[in-house]
Amino acid sequence: MKKLLVTLSATIFLSLSIQSIASATDMPTLGPGAKIAGIDISRWQHPNEKTIDFAKMHAAGITFVMIKGSDTRDDADLQAVKYLKGDRAAAQAAGIYTGFYHFATLPNVTTASAIARDARVQALKVTWRIASLGGFNAMDLPIALDIENNCIQLSSTKVCKKRASRSAATLWSKTFLKSIKDKTGRAPFIYSSPHFLEASMVRDKELAAYPLWIAQYAIDPARDGAKPNVKKGGCFVHSWTTSQCSANWTFWQYTSCGIAPKYGVPGTRVDLNVFGGAPDKFQTLLTGNWIPDPADQMPQGEASTIVLTSVLATTTNKSVTITVDVKRPDSSPVVTGSVKYYFDATNPSVPKVTQSVARETSGTWTLTITGIPAGTWLGNVGFKDESGTHAEVKTALVLTVEQGPTPPPAPVKKPVIKPAVDSCKNQIRN
């Protein structure tokens, strides 16, 4: 009898699962303009680690949610993975379809081979992340590439001093998207604003083959004839612009000022989206399951090697700069992690210095150290990966710094009080 009950329960569960998938074409069109409604979330929708009420979200008419799944920057990536599995499971349990997006930072390199290599490494991070979820299931939408910033080098005051060229941003995006499609069998989305697509990328037919998730605010999708990609005097011109001066879009993020509590989201605001088609077209985005092989899983504690490609240490009035490469066993770049200089305990003292690290491309960093006193200092450059994917590794480095001229004291800057700005001005507040 017990075995019969277990079998019956499993059969009922399977029947309900199939029924819920089969009824996907009956999904509600409760978004503005009678469109399928969606939402996108990240760690910012978990203030003080609060949970999201996905049942309330579903009851409010939301059909899909795009979840931040990964990020080029390691600190932001660790925050994304913290909530990914729980949010995906809870959303799907509430009957909401789930997608994932990767926030991209472009590399500070110029050759086509180096640009493409970085894109493939970042795509590998994404496929590892989806593999950790067990791959795609029938409730999963494709992955989205979030590319909205082409800054590749910041000044000491955190102002952008160098940007990727239009051709570099386009090549990187095409390589990333193709890598994801080749691995998972699903065409990924590209998320961006029409302004970025026009100003920072080249028009490209291969790029246009991927579905577009466009972000443009202050236009109400409920208004007759409303559409994104418009500007004063016409439309934005990019890979997805049609001959009618509109955009061939699939998802439209129409506001960042959705009323969060209305959708079961902690906080005050949330991004809202609509799908640009009928339920049967939405269903086509859910076709094709990807079940990862063991080789697709992210390694743990994988051996790594470290090489210092350049070291510049001169006088106390100048920064020490060190360029570091870290490789995997197959000589490809490591996917996650960062580097730091560690002073040896045998030094007479451990000086208080400021270290900043800039990612040049996957597996390559420029480490800048300021405030090292004159003298010879023993230490090592160490690579550490907080995700545990790659093993820690260190290499010894002795720094010799001579006394330089004493710089004048920095002028005291008065704090600039900026007036309050309503970032939701003119936006839709659904």
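Modeller: Buried means under 20% relative accessible area. Tyr341, at 2% relative accessibility, therefore counts as buried. Keep in mind that this is a predicted model.

Colleague: Which aromatic pair does Tyr341 form, and with what geometry?

Modeller: A pair of aromatic rings is described by the distance of the centres and the angle of the planes. Tyr341 pairs with Phe343. The centres lie 5.0 Å apart, with 85° between the planes, and the pair is edge-to-face.

Colleague: Is Phe343 buried or exposed?

Modeller: Phe343 is buried, at 15% relative accessibility.

Colleague: How many aromatic pairs does the whole structure hold?

Modeller: A search finds 16. Take Tyr191 and Trp213 as one case. Their ring centres are 4.7 Å apart. Planes over 60 degrees apart count as edge-to-face. The planes of Tyr191 and Trp213 stand at 70°, so this pair is edge-to-face.

Colleague: Which parts of the chain does the pair of Tyr191 and Trp213 tie together?

Modeller: Tyr191 sits in strand β7 (residues 189-192). Trp213 sits in strand β8 (residues 212-215). The pair therefore ties together parts 22 residues apart in sequence.

Colleague: What are the relative accessible areas of Tyr191 and Trp213?

Modeller: Tyr191 has 10% and is buried. Trp213 has 1% and also counts as buried.

Colleague: Which residues do ring pairs link into a cluster?

Modeller: Tyr191 and Trp213 belong to it, along with Phe64, Tyr97, Tyr101, Phe189, Phe251, Phe275 and Phe282.

Colleague: Now the nonpolar packing. Which residues have the most contacts inside the largest nonpolar core?

Modeller: Ile39, Met57, Phe176 and Ile190. That core has 59 residues. Helix α4 (residues 112-132) gives the largest share, seven residues. Another core, of 20 residues, lies apart from it; Val320, Ile322, Val326 and Phe383 are among its members.

Colleague: What is Ile39 in contact with, leaving aside its neighbours within four places in sequence?

Modeller: Its contacts include Met57, Ile62, Phe64, Val65 and Met66. They also include Tyr263, Val265, Val270 and Leu272. Asp271 and Asn273 are on the list too.

Colleague: And the chain overall: what is its secondary structure?

Modeller: Eight helices and 21 strands. The C-alpha trace spans about 75 × 70 × 40 Å along its principal axes. Of the 430 residues, 47% count as buried.

Colleague: What percentage of the contacts with a separation of 6 or more comes from residues 24 or more positions apart?

Modeller: 72%.

Conventions
Residues numbered from 1 in each chain as written. Predicted model: local features only at pLDDT ≥ 70, side-chain atom pairs only at ≥ 80, totals over all residues. Heavy atoms only, no water. Helix = DSSP H or I, 4+ residues; strand = E, 2+ residues; numbered from the N terminus. Buried < 20%, exposed > 50% of the residue type's maximum accessible area, 1.4 Å probe, protein only. Contact = heavy atoms within 4.5 Å. Core = buried A, V, L, I, M, F, W, Y, C linked by side-chain atoms within 4.5 Å. Phe/Tyr/Trp six-rings, centres within 6.5 Å; stacked < 30°, edge-to-face > 60°.
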